[in-house]
Amino acid sequence: MVGAAAAAAKETAAGAMDAVRGRDDDGPSATQLVAAGLNRLFTRDVTRECQCEAASFTVAYLLGIPVFSLTPNALEAIKLTKDAEVGVTYQTANGVSKLLVWLLAAVAIESNNHRQLIVSDPRQASALLKLLRKSAGEDEAGNTAEDDELRLRLALSQAQDLLQKYPDALEQLSQRMESGAGTVGNCVAILEKPVR
């Protein structure tokens, strides 16, 4: 039974990486594409949404990213690289890696808990790399598609590792968000306990 669970987890993680890369080697059928689209449009799972939001919040907090966005996107990450106060930090390779981990946190938690990604958007991380490549003066211009894929795999793995270190805090944070009673201060207080 343990072997079957491990195989299923590997399959789900592989599927998440295919989504992060933005491709599927076999290519989904038209029926699968329509079904996936309908799931995204008509399925609302508040618990799943809160898990993804809690994961993004947790990773941003742990990495010191000065944003309280619950659903991060590439444009928000690009704004951080251009910010007058903290932009220099996120223009380095290490800073970009932190942003990638943040963008993939929701993908990490959703791919670990579910077979299909509905709430999280794995394309945001690759979009960030493309935006940085297009941006003048960035060090990202020399990277190849293989470099990007390696960075995305590493960022997804780091997001999974960070989230696995704090499962209780993540669950409490998700429940607090789901109740609707969580403020930013409450969320930070939940994360402060296990981090100390």
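Guide: Welcome! Let us begin with one term: a contact means heavy atoms within 4.5 Å. This is a predicted model, in which local features need pLDDT of at least 70 and side-chain atom pairs count only at pLDDT 80 or more, while totals for chains, interfaces and linings use all residues. Residues are numbered from 1 along each chain as its sequence is written, and side-chain values use heavy atoms, with hydrogens and water left out.

Visitor: What share of the contacts between residues at least 6 apart in sequence joins residues at least 24 apart?

Guide: In the protein chain, that share is 70%.

Visitor: How many helices and strands does the protein chain have?

Guide: There are 9 helices and 0 strands. Both are DSSP runs numbered from the N terminus, where a helix is H or I over at least four residues and a strand is E over at least two. Read from the N terminus, the order is α-α-α-α-α-α-α-α-α.

Visitor: What makes a residue such as S56 buried?

Guide: The test is relative accessible area: under 20% is buried, over 50% is exposed, and in between is partly exposed (1.4 Å probe, protein chains only). S56 has 1%, so S56 is buried. By this rule, 39% of the 196 residues of the protein chain count as buried.

Visitor: Where is S56, and which residues does S56 touch?

Guide: S56 belongs to helix 3, residues 46-63. Setting aside residues up to four places away in sequence, S56 touches S69, L70, P72, W102, A105 and A106. S56 and I109 lie 53 residues apart in sequence, and their C-alpha atoms are 9.2 Å apart in space.

Visitor: How do you know that L80 is buried?

Guide: Its relative accessible area is 7%, and that value makes L80 buried. You will find L80 in helix 4, residues 74-82. Beyond its neighbours within four places in sequence, L80 is in contact with I65, P66, V67, V86, G87, Y90, L99 and W102. From L80 to Q91 the count is 11 residues in sequence and 8.9 Å in space, C-alpha to C-alpha.

Visitor: What about A169: buried or exposed?

Guide: A169 is buried, at a relative accessible area of 5%. A169 sits in helix 8, and its C-alpha is 9.9 Å from that of A189, which is 20 residues away in sequence.

Visitor: How many disulfides are there?

Guide: The count is 0 disulfides. A disulfide is a pair of cysteine sulfur atoms within 2.5 Å. The sulfur of C50 has its closest cysteine sulfur in C52, 9.4 Å away, so the two are too far apart for a bond. For C187, the closest cysteine sulfur is in C50, at 9.9 Å, which is again too far for a bond. C50 is buried, with a relative accessible area of 5%, and C187 is buried at 5% too.

Visitor: Why are helix 6 and helix 7 called oblique to each other?

Guide: Axes are lines fitted to C-alpha atoms, for helices over the stretch in contact, and the angle between N-to-C directions runs from 0 to 180 degrees. Under 35 degrees is roughly parallel, over 145 roughly antiparallel, 65 to 115 roughly perpendicular, and the rest oblique. Helix 6 (residues 123-134) and helix 7 (residues 145-165) pack at about 135°, with axes 10 Å apart, and are therefore oblique to each other. A125, S126, L129 and R133 of helix 6 make the contact with D148, R151 and L152 of helix 7.

Visitor: What are the classes of the residues in the contact of helix 6 with helix 7?

Guide: There are 3 nonpolar, 1 polar and 3 charged residues. Ala, Val, Leu, Ile, Met, Phe, Trp, Tyr, Cys and Pro count as nonpolar, Asp, Glu, Lys and Arg as charged, and the others, Gly among them, as polar.

Visitor: How do helix 3 and helix 8 lie to each other?

Guide: The axes of helix 3 and helix 8 (residues 167-179) come within 8 Å and cross at roughly 125°. Helix 3 and helix 8 are therefore oblique to each other. Their contact includes V46, C50 and F57 of helix 3 and L170, L173 and M177 of helix 8. By class it has 8 nonpolar, 4 polar and 2 charged residues.

Visitor: And how do helix 5 and helix 6 lie to each other?

Guide: The axes of helix 5 (residues 93-113) and helix 6 cross at roughly 150° and come within 8 Å. Helix 5 and helix 6 are therefore roughly antiparallel to each other. Here V96, L99, L100, L103 and L104 of helix 5 meet Q124, A125, L128, L129 and L132 of helix 6. Their classes are 9 nonpolar, 1 polar and no charged.
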